[in-house]
Amino acid sequence: MLRCSTGSRALNELLLGGIETQAVTEFYGEFGSGKSQICHTLCAIATQPVEAGGLDGGVIYIDTEGTFRPERLNQIARARALEPSHVLKNVAICKIYNSSHLELIVKDIGKYINDFKAKLVIIDSIISLHRAEFPGRGTLADRQQRLNSILHKLIRLSEIFNIAIVITNQVQSSPDTFFGDPTKAAGGNVLGHASTYRIYLKKSGENRVARIIDSPYHPYSDARFTLNEKGADDLEDETASTKKKSANTKKITEKDVEE
Ligand SMILES: Nc1ncnc2c1ncn2[C@@H]1O[C@H](COP(=O)(O)OP(=O)(O)OP(=O)(O)O)[C@@H](O)[C@H]1O
Ligand SMILES: [Mg+2]
C-alpha cells in the first residue's frame, strides 16, 4: 500500500500520511471549499517519486464539471519546484459529457490504467451529472443504483491495480437538522457506504478546515489548511511558528555549547 501526499502537512497528518492506494477517498464540501484544488495538487504530487511523497505513476483525471485547468496544474508544479512538463505529461484528462458517458468510461478504465501506468484516478465530481439528469423522487432509485454500480467498480479497480481513487462529492442541505451544520454529503447512503474515507471540507474565512467523517481507523479530528499558488498548502503562521520554535531550540543548543 502506498500513500500520496496532499500537499499540506496538516492534511497529511489528518489522513495519517496521505491518501491511500486500494481505497476510495471522498472529499465533499460546498462550492469553493477546495475539492478541485486538492485534486489538482494531488495530480502534481502523484507523478513524483515515492520518496517525494508521490506514487511514481500517471494520473487519470475524469472531469465531469469542466473545471480542470492545465494552467493551474502548471502553476502548482512551478510553485512546488516540480518539473511542469513531467507533471503535465503524466496527467491524462477525460472530459465527461453525461452520466452514461461516465458509466462507460468507468467500465473501460482498467485498460487505460494499464496503458498509462496510472497510480491515481480522480473523479471530479462523481455526482454532478447524475444529480442533474435524474431529478425528483421518481428517478431516485434508478440514479442510486447507477451510482452504486460505478462505485463498486471503482472499489474493485483500486484493489486490483493497487491505485488510489479520489472522488469529489457535493453537498445537500438537510433542513431537519436543529443543531450544528445543516449541510451533508449528497448521494445518500450509497455514496456513504462506498467510500473508504470521507473528508468534509469547510470554508473558514480565507482558510479551509478538513474533517474526517467516516474512516475504518482514523481518529475523528480536524485539520486546517489553505489554498494558494501551491494548491493545498499549510497555513503560513503555523509553518512560521514551527520554524521559530526550531530556530529557538537551535539558539539554546548553541548557547549551551558556548557555555
Ligand atoms: N491560484 C489560486 N491561488 C489561490 N487560491 C486559489 C487559486 N485558485 C483557486 N483558489 C481558491 O480555490 C477556490 C476554489 O476552489 P475549488 O475550485 O477547489 O472549489 P470546489 O470545492 O471544487 O467547488 P465546486 O463545488 O464549485 O467545484 C477559490 O474560491 C479560491 O479561493
Ligand atoms: Mg470543483
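Good morning. Let me begin with a definition: a polar contact is a pair of N or O atoms within 3.5 Å. With that in hand, please look at the structure above, which is a predicted model.

I start with ligand 1. An oxygen atom of this ligand lies 2.8 Å from a polar backbone atom of Gln-37. Because 3.5 Å is the limit, this pair counts as a polar contact. The backbone of Gly-32 also takes part, with a polar atom 2.9 Å from an oxygen atom of ligand 1. For Ser-33, the corresponding distance from a polar backbone atom to an oxygen atom of the ligand is 3.2 Å. As for cover, ligand 1 on its own has 650 Å² of accessible area, and the protein covers 63% of that.

Let us now consider the whole shell. How many residues surround ligand 1? There are 15, and the closest are Gly-32, Gly-34, Lys-35, Ser-36 and Gln-37. Sorted by class, the shell holds seven polar residues, six charged ones and two nonpolar ones.

Which helix or strand gives the most to this shell? That is H2, with three residues. Helix H2 spans residues 35-46, and at least two shell residues also come from each of helix H3, at 70-79, and strand S12, at 222-228.

I turn next to the pockets. The largest pocket holds about 190 Å³ of space. Its lining includes Gly-136, Arg-137, Leu-140, Arg-143 and Gln-144. Two elements, helix H7 at 140-161 and strand S9 at 183-185, each supply at least two of the lining residues. The greatest contribution comes from H7, with three residues. Five of the residues in this lining are polar, three are charged and two are nonpolar.

The second largest pocket holds about 160 Å³. Its lining has 14 residues, and those nearest its centre are Phe-31, Gly-32, Ser-33, Lys-35 and Ser-36. By class, the lining comprises eight polar, four charged and two nonpolar residues.

Thank you for your attention.

Notes:
Residues numbered from 1 in each chain as written. Chains lettered and ligands numbered in written order. Predicted model: local features only at pLDDT ≥ 70, side-chain atom pairs only at ≥ 80, totals over all residues. Heavy atoms only, no water. Near = heavy atom within 4 Å. Polar contact = N/O pair within 3.5 Å; in protein donor to acceptor, adjacent residues only side chain to side chain. Areas by Shrake-Rupley, 256 points an atom, 1.4 Å probe, with all protein chains shown as cover. Helix = DSSP H or I, 4+ residues; strand = E, 2+ residues; numbered from the N terminus. Nonpolar A, V, L, I, M, F, W, Y, C, P; charged D, E, K, R; others polar. 1 Å grid on protein atoms, 1.4 Å probe; cavity = no way out; pocket = protein on both sides within 12 Å on 5 of 7 lines; lining within 4 Å. Points joined across faces, edges and corners; volume = space filled by probe spheres on them.
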